[in-house]
Amino acid sequence: MTGSDYLVGGLSTVKNVFFVGTAGSGKSTLVGAYRRWLDSNGVDAITINMDPGAETLPYDPDIDIREWINLGEVMEEYGLGPNGAQIVAADLMAVNIDKMMRVFAEYSTDYVLIDTPGQLELFAFRESSGMTVDAFGREDSMLVYLSDPSLCKTPNGFISAMTLGALVQFRLQLPMLNLLSKCDTLSDDDEQRMLDWYSEPDALYGDLLDADSVPQTVVGMELFKAMENTGVFGEIRSVSAQDEIGLEEIYAASQLAFFGGEDTYRE
Ligand SMILES: Nc1nc2c(ncn2[C@@H]2O[C@H](COP(=O)(O)OP(=O)(O)OP(=O)(O)O)[C@@H](O)[C@H]2O)c(=O)[nH]1
Ligand SMILES: [Mg+2]
C-alpha cells in the first residue's frame with residue numbers, strides 16, 4: 001500500500017518531500033519555515049516528524065513518529081545506549097509504518113513535508129527507509145538534501161558533502177534537490193564560491209588543486225571525477241530558514257520534479 005492508496009478515493013496527487021542531511025544541517029527548522037511559507041501562499045501541506053530521537057522541534061508536526069516509537073523506552077527495553085537505540089528505532093520505523101500511514105490517511109492534503117532523523121545514515125542506509133519511502137509512494141516522492149555550510153566551506157569538505165549527497169540519492173533512488181542551508185551565515189563571496197563549485201566543476205577543480213595537500217588532492221580528484229561522470233553536478237540553491245530565503249525556489253523545484261513545472265496546487 002502507498003500513501004496515495006491510503007487516501008480516501010485513492011487519489012494519486014499526494015507529493016512527499018523528504019528533508020535529509022547531516023546532523024544539525026537545518027532539516028527541522030527548514031521544514032517549519034517551509035510549512036509556514038506554504039501556508040501563507042495558500043498551499044495545503046502537512047508535516048511529519050520521522051525522527052524518533054527529536055527532543056524538541058521548531059514546528060508542531062501533524063504526525064509524529066514519537067507517538068509510536070519512544071527513544072527512552074527503546075533504550076530501556078533493549079538495554080542500549082542512545083546510538084544503539086537510534087538504530088533499533090530506525091528499524092522499528094518500518095514495523096510501525098502501517099500504523100502511521102493509517103493516521104496519514106485521515107488527512108486530506110496533497111503536499112507532505114517529512115523531517116528525517118538527525119543521523120543521516122539512519123535514514124539513508126537502513127532498509128527501513130526504503131520501506132518508508134515505498135509506503136508513502138516512491139513515484140510521488142523526492143528528496144531535499146541539505147548541505148551544512150560549516151562542513152563544506154573548503155573544496156575538500158564540499159566534495160565530501162556532495163559525495164554523501166550522491167550516495168544518499170544512489171541509495172534511495174529518488175529525485176533530489178540540493179540545498180546549501182543556513183546561507184545567512186555565509187558572506188556573499190563564500191556563498192557565491194560554493195554555488196560556483198557546484199555549477200562549474202572547473203572552478204572546484206582549480207580550488208582543490210590550490211587548497212589541498214597532494215594525497216588529499218588525489219583522493220579528492222577521484223571523487224570529483226566520479227561525481228562528474230555520474231552527473232551529480234547540476235544545480236544547487238541556497239536557502240535560509242532563518243531569513244526565509246529560497247523557500248519559493250524549493251516549491252518551484254518540487255513542482256518541476258513532480259509535474260514538470262506546472263503549479264497544480266495553486267491553480
Ligand atoms: N543561522 C541559521 N541557523 C539555522 C538555520 N536553520 C537552522 N539553524 C540552526 O541550526 C541548528 C540545527 O537546526 P535543526 O533544524 O535542528 O537541524 P536538523 O538538521 O533538524 O538537526 P538534527 O535533527 O538534530 O540533525 C539550530 O541551532 C538551528 O537554529 C538557518 O537558516 N540559519
Ligand atoms: Mg531535526
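Reply: Ground rule for strands: two of them pair if DSSP finds at least two bridges between them. Helices (H or I, at least four residues) and strands (E, at least two) are DSSP runs, numbered from the N terminus. This is a predicted model, where local features need pLDDT of at least 70 and side-chain atom pairs count only at pLDDT 80 or more, while totals for chains, interfaces and linings use all residues. Residues are numbered from 1 along each chain as its sequence is written, with chains lettered from A and ligands numbered from 1 in the order in which they are written.

Me: OK, which residue stands opposite Thr47 in S4?
Reply: Leu113 does. Strand S2 (residues 46-49) and strand S4 (residues 111-115) run parallel and are joined by four bridges.

Me: And what about S2 and S3?
Reply: Also a parallel pairing, over two bridges. Asn49 has Asp64 in S3 as its bridge partner.

Me: What's the strand order in the whole sheet?
Reply: S3-S2-S4-S1-S5-S6-S7, an open sheet of seven strands with parallel pairing. Strand S3 (63-64) and strand S7 (237-238) are the edges, each pairing on one side only.

Me: How many bridges join S6 to S7?
Reply: Two, between S7 and strand S6 (residues 176-180), and they run parallel. Leu179 is partnered with Arg237 in S7.

Me: Which helix lies across S5?
Reply: Helix H7 (residues 155-172), which lies across strand S1 (15-21), strand S5 (141-147) and S6, at about 165° to S5. Axes here are lines fitted to C-alpha atoms, for helices over the stretch in contact, and angles run from 0 to 180 degrees between N-to-C directions.

Me: Switching to helix pairs. At what angle do H4 and H6 pack?
Reply: About 15°, with the axes of helix H4 (residues 82-104) and helix H6 (residues 127-136) 8 Å apart. So H4 is roughly parallel to H6, since angles under 35 degrees count as roughly parallel, over 145 as roughly antiparallel, 65 to 115 as roughly perpendicular and the rest as oblique.

Me: Which residues make that contact?
Reply: From H4, Ala90, Asp91, Met93, Ala94, Ile97 and Met101; from H6, Ser128, Met131, Thr132 and Ala135. Contact means C-beta atoms, placed from the backbone, within 7 Å.

Me: And H3 with H4, at what angle?
Reply: Helix H3 (residues 71-78) packs on H4 at about 105°, axes 9 Å apart, so H3 is roughly perpendicular to H4. Leu71, Val74, Met75 and Tyr78 of H3 meet Pro82, Ala85, Val88 and Ala89 of H4.

Me: Last one: what surrounds ligand 1?
Reply: 17 residues, the closest being Gly26, Ser28, Thr29, Gly118 and Gln242. To count, a residue's C-beta atom, placed from the backbone, must lie within 6 Å of the molecule. Helix H2 (residues 27-40) gives the most to that shell, three residues.

Definitions and conventions
Contact = placed C-beta atoms within 7 Å.
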